[in-house]
Amino acid sequence: MSGAGPLAGIRVLEFSHTIMGPCAGLVLADLGAEVVKVEPAPDGDHTRRLPGFAAGFFATFNRNKRSLAIDLKRPEGREAVHRLAATADVVLENYGPGTMERLGCGWEDLSALNPRLVYLALKGFLAGPYENRPALDEVVQFQSGLAYMTGPPGQPLRAGASVVDIMGAVFGVVAVLAALRERDATGRGQRVGSALFESAAFLVGSHMAGAAATGEPVPPMPARRGAWGVYEPFTAADGGQVFIGVTSDAQWVRFCEAFGLADLAADERLRRNADRTRERPWLIPRLREAIGALPRDEVVARCERAAISWAPVGQPADLFRDPHLLAGGGLLATAIAAMGGGAEAMLPALPVEMGEARARPGLRRQPPRVGEHNAEVLGEAGLDGAAIASLAARGILCAGSP
């Protein structure tokens, strides 16, 4: 990947909050696009002030962007943003249905100013009976059956990360890139969309197919009939846990050799994976006994020696010290305002690599302060210093704290 990134020269205006919109902007920004985060004056994106587990949302999804804090409810604010949209390549937004239209910045408003514009609307639902409903990641996890599949029977449970927000954002970026490619041929932009509900439906598509193929209800994952005989976490003698997956007959032979289970390797009842799956009721307790007699580090060493799939059962905070992520440029020192004092934490880079050098997209800008780039961005749109100062004096622009 070149130093500037493959999307260098693409100008993006981002109207967003929380995760879905900011994540789409992050992907574009990390790949080199010039992303201006348009925030409401005077307070900016409310995501900056979320408490609890959401306190890290803003830092995670807003690096490599510039901030313009402006009041779009006032004509002068809309006029300034229209000037920016006239030369933008992409506008993306994830506000509630009708919000951008009420602010005079919907698709019809902005495409009339710039026929080459690609406009990404990130919503709860695509076109259809639900399209004007508000939605959230967790809401559609329950609606789509994803929560049903995640929890034990009778106890639907959301996934432990905002998987639908992020999936919808990435699908939105795919649509943007396709529209930019089509614009190369036609000279015209278009509106594209991605949504939470349809993204969640895509995630459970294989379960839908399984139900159609078998004619049986699909059980939740904790109660599923597994495809592999050995595919679960085991607890070692010192309390550490290791997930072990034995997914082929050759792996089974190596696994038994590494763990001194010659009797199991020779047992005709366990010769093939389908056999081991059938014999799980007695096989898994036997393996728990054998593995549970060893310390975690020894279990890991034997899994490595057997060349099977395994993983420590970790927590997100363990990734701060993960040697693979640290060695490969997979973590970026990112400022987190919620920590105070300009403190930084190592957060995940975009999970892609490019070129023969296998380069990872890096950090060019820390997450911006509210309105940090007001003068810079509007100056590039042709406003002179006096006009920018006038907007600030009247409260139409606002630059504030992190």
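**Sheets, helices and single residues**

Colleague: In what order do the six strands of the open sheet with parallel pairing stand?

Modeller: The six strands form an open sheet with parallel pairing; strands (E, at least two residues) and helices (H or I, at least four) are DSSP runs numbered from the N terminus, and two strands pair if DSSP finds at least two bridges between them. This is a predicted model, in which local features need pLDDT of at least 70 and side-chain atom pairs count only at pLDDT 80 or more, while totals for chains, interfaces and linings use all residues. Residues are numbered from 1 along each chain as its sequence is written, and side-chain values use heavy atoms, with hydrogens and water left out. The strand order is β3-β2-β1-β4-β5-β6.

Colleague: Which strands stand at the edges of that sheet?

Modeller: An edge strand here has a single partner strand, so one side of it is left without a neighbour in the sheet. The two strands in that position are β3 (65–70) and β6 (191–195).

Colleague: Which residue of β2 is the bridge partner of Val-12?

Modeller: Strands β1 (residues 11–15) and β2 (residues 34–40) run parallel and are joined by four bridges. In β2, Val-12 has as its bridge partner Val-35.

Colleague: At about what angle does α1 run to β5?

Modeller: Helix α1 (residues 20–30) has eleven of its eleven residues buried (under 20% relative accessible area; exposed is over 50% and partly exposed in between, with a 1.4 Å probe and protein chains only). It is followed by Gly-32, whose phi is positive, near 110°. The helix lies across β1, β2, β3, β4 (90–93), β5 and β6. Between N-to-C directions, with axes fitted to C-alpha atoms (for helices over the stretch in contact) and angles from 0 to 180 degrees, α1 runs to β5 at about 140°.

Colleague: Within what arc do the buried residues of α6 fall, seen down its axis?

Modeller: In helix α6 (residues 137–144), the buried residues are Asp-137, Val-140, Gln-141 and Ser-144. They line one face of the helix, because the arc into which they fall, seen down the axis and taken from the directions from the helix axis to the C-beta atoms, is 110°.

Colleague: Which elements do these buried residues of α6 pack against?

Modeller: Just after α6, Gly-145 takes a positive phi of about 95°. Packing rests on contact, that is, heavy atoms within 4.5 Å. The partners of the buried α6 residues are α7 (146–150), α8 (163–186) and α9 (196–203).

Colleague: Is Pro-115 buried, partly exposed or exposed?

Modeller: Pro-115 sits in the loop between α5 (107–113) and β5 (118–123). Not counting residues up to four places away in sequence, Pro-115 touches Arg-188 and Gly-189. Its relative accessibility is 37%, and therefore Pro-115 counts as partly exposed.

Colleague: How far apart are the C-alpha centres of domain 1 and domain 2?

Modeller: The chain is divided into domain 1 (11–204 + 329–394) and domain 2 (226–312), with bounds from an automatic or database domain assignment. The distance between their C-alpha centres is 44 Å.
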